[in-house]
Amino acid sequence: MLRVGELVRHALAAMFARGEIEDEALRGAVVTVPEVRMTPDLKIANAYVMPLGGQHAEEIVEALNRHKKFIRGAIAPQINLKYAPDVRFFVDETFEEAGKIDALLRSDRVRRDLDEDDSEQD
C-alpha cells in the first residue's frame with residue numbers, strides 16, 4: 001500500500017508540475033502532494049494536497065475532484081497496476097496541526113514545566 005501510494009504521489013506531483021489540468025482555479029497555483037493513502041484493495045487513492053501558501057485550498061481541492069477522471073486516466077500508465085485507482089482529493093491539514101503543536105510547545109506554561117524538570121535533574 002505504501003509503495004503504490006508513493007507511485008501515485010509522484011505521478012500526481014509530476015502532473016501538477018507540468019500543469020496538465022486546465023481549470024481556472026488551478027491556473028498559476030503550485031500544488032504539493034505530501035501524502036497519498038491507499039485503501040487495502042488499492043482501488044482508492046486518497047490524495048492530500050496543499051497549495052503553496054495554503055490559500056484557496058478548498059477551491060483547488062474542488063477543482064481537482066471535478067477532474068478526477070482525467071487525472072485517473074493520465075496517471076494510469078505511470079503506475080503500472082492492473083486497475084487504476086480512483087483518486088480522491090482532500091486538503092492536507094498536517095502543516096496546520098504541526099503549527100499548533102509547535103505553538104503549544106513554545107508556550108510559557110510548557111516552557112516553565114520544562115525548566116522545572118531541568119532544575120530537578122541537576
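**Ground rules.** I'm working from a predicted model, where local features need pLDDT of at least 70, side-chain atom pairs count only at pLDDT 80 or more, and totals for chains, interfaces and linings use all residues. I number residues from 1 along each chain as its sequence is written, and side-chain values use heavy atoms, with hydrogens and water left out.

**T39.** I found T39 in the loop between β1 (31-38) and β2 (44-51); strands are DSSP E runs of at least two residues, helices H or I runs of at least four, numbered from the N terminus. T39 counts as buried because its relative accessibility is 19%; buried means under 20% relative accessible area, exposed over 50%, partly exposed in between (1.4 Å probe, protein chains only). I then checked contacts (heavy atoms within 4.5 Å). Setting aside neighbours within four places in sequence, T39 touches M1 and I44.

**β3.** I looked at residues 86-91, strand β3: V87, F89 and V91 make up its covered face, and D86, R88 and F90 its uncovered one. β3 pairs with β2 in the parallel sense over six bridges; pairing takes at least two DSSP bridges between two strands. One bridge I noted joins N46 to R88 in β3.

**α2.** Which residues of helix α2 (residues 57-66) are buried? I get A57, I60, V61, A63 and L64. They cover an arc of only 160° around the axis, so they sit on the same side of α2; the arc is taken from the directions from the helix axis to the C-beta atoms. The buried residues pack against α1 (2-18), β1, β2, α3 (68-79) and β3. Exposed E58 and R66 are on the face turned away from the buried side of α2.
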